[in-house]
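Let's take a walk through this structure, starting with a single residue and ending at the ligand. Have a look at it first.

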Amino acid sequence: MSRVAHPAGPRHGDVLPADHPPAAPDDLNALYPGIWPRGARRSGGVLTLGGVDVRDLAAEFGTPLYVCDEEDVRSRCREYLEAFGPDERVFYAAKAFCSRAMLRWVSSEGLGIDVCTGGELEVALSAGVPPEQITMHGNNKTLDELSRAVSAGVGHIVADSFEEIARLAYLTDSASPGGRSVPPGDPGPRGPGAPRVPTTKPSVLVRVTTGVEAHTHEFMATAHDDQKFGFSLASGAADEAVRRVIACPGLSFAGLHSHIGSQIFDTAGFEVAAHRVVELAVRIRDEHGIEIAELDLGGGFGIAYTEEDDAPEVKELAQSLRGIVDGQCRAAGLARPRLTVEPGRGIVGPSTVSLYTVGTVKDVDGLRTYVSVDGGMSDNIRTALYDASYACALASRASAAAPMLSRVVGRHCESGDIVVRHAYLPSDLVPGDLLAVPATGAYCRSLASNYNHVSRPAVVAVGAGAARAIVRRETLEDLLSLDVG
Ligand code: PLP
């Protein structure tokens, strides 16, 4: 077996696909604008973010560090709102990165907030997000979580299972149309004897599984009913879920929800999904005499992680999605529902750069150079989990040295602990240099772990030459305080 065919990575089988690193870039110091935050510059060779020198950030806050350009986030919120227009709604999917400051920025720009657990809901409420601007998601919401969402008065609850519809029926003091008057096997701490919540009618969307799954450039439109989210259209479960919601006197049926995937670069998958959802909307009209008011097509809009990624413009995406919904509704003779989209990555992904300090530089005999940094899979699991690609640059200085094919790896006890699989870094790289990995705003801090008892990094907001922590770094004391045995 050749050494080239068997690099260390998340897969350890005998047969691995050949590893094809991209060609070296012309200029190692260039900041390709599609993948760096809008406030990223080089000043005297040093990377600055929001007008702040990364060396100062490292000195004040330590590394690894997530550095978030606030104005980048805000400008993307405005772009989405402008692109979709005043008649549609844009909700930020908080799972991408959820902190009070972030939710305040996004909410103050006019977006709603999408949460999928009680924890995310509490962050949104404590950030002062108006409850009616919150949509409650999740595929296994406990009675407690639903009770909190209902009593807080969230704008919409997305029903994902028959059990949840029964729990909502119970909470709103109505007999469950599924035949049970108490929530079936509710695992939440309140249990079936929990007090019911006096409420105005919660507005419910039914999440449907359209059989479409899309990621990046590809989508499949047949084989993806086999998953945990939503009610299947193909099996008739979605029709039955709508029936049960409509039959609940304490619930208000608002419409349908569909989310088809992530990091999507074209709208073909949305077209198929919208077609199938609109077919259901027609059946709802025919059976119940109700036209859906809301159609939520979820998130999943792709961003550029590397120069090779050709992410679509938000304006084009919005135009295309609106056209699809218009066309499908017109063809079906259905009044046009209000469209909602739920971008997470598209709002926060490009805003943030992960800053690391180089610890070791190890040349692996003719293959590549392994550059170990002071973070890794605990602050960015996406490379190990999804085989994600990232770019990387020497941040603390410019260099005219020749490019060196590198793999940026972390400090964890896993050979798959890779941050950037293929990076060209200057061959004069030394321990103590700072490296910057762009486009880490989404699903990095929110998926971070304490693997190997490493504390999770701080998140720092930068703008107008100033920096402030919005999530502080965890300390060893934080970790030890949980260990009560
Ligand atoms: N909406 C729903 C229901 C999701 O499950 C997700 C992601 O998993 C999103 C929105 C956000 O997706 P993205 O961050 O890719 O835009």
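Does Ala461 count as buried or exposed? With a relative accessibility of 4%, Ala461 counts as buried, where buried means under 20% relative accessible area, exposed over 50%, and partly exposed in between (1.4 Å probe, protein chains only). A quick note before going on: this is a predicted model, so local features need pLDDT of at least 70 and side-chain atom pairs count only at pLDDT 80 or more, while totals for chains, interfaces and linings use all residues. Residues are numbered from 1 along each chain as its sequence is written, and side-chain values use heavy atoms, with hydrogens and water left out.

Back to Ala461, which sits in strand β23, residues 458-463. Helices (H or I, at least four residues) and strands (E, at least two) are DSSP runs, numbered from the N terminus. Setting aside neighbours within four places in sequence, Ala461 is in contact (heavy atoms within 4.5 Å) with Cys68, Trp105, Ala466, Ala467, Arg468 and Ile470. Glu71 is 390 residues from Ala461 along the chain, yet their C-alpha atoms are separated by 9.5 Å.

Of the contacts in the protein chain with a separation of 6 or more, 71% come from residues 24 or more positions apart. The chain has 485 residues, 55% of them buried, and its secondary structure comes to twelve helices and 24 strands.

Next up is His137, in the loop between β7 (134-136) and α5 (143-152). His137 is buried too, at 3% relative accessible area. Another, of 3.4 Å, joins the side chains of His137 and Asp114.

Glu342 also leads us to the ligand: among the 14 residues around it (a heavy atom within 4 Å), Gly300, Glu342, Gly344, Arg345 and Tyr443 come nearest. Here is how ligand oxygen atoms pair up with the protein.

| Residue | Protein atom | Distance to a ligand oxygen |
|---|---|---|
| Lys95 | side-chain N or O | 3.1 Å |
| Gly344 | polar backbone atom | 3.0 Å |
| Arg345 | polar backbone atom | 2.8 Å |

Taken alone, the ligand exposes 400 Å², and the protein buries 90% of that (Shrake-Rupley areas, 1.4 Å probe).

Notes. Polar contact = N/O pair within 3.5 Å; in protein donor to acceptor, adjacent residues only side chain to side chain.
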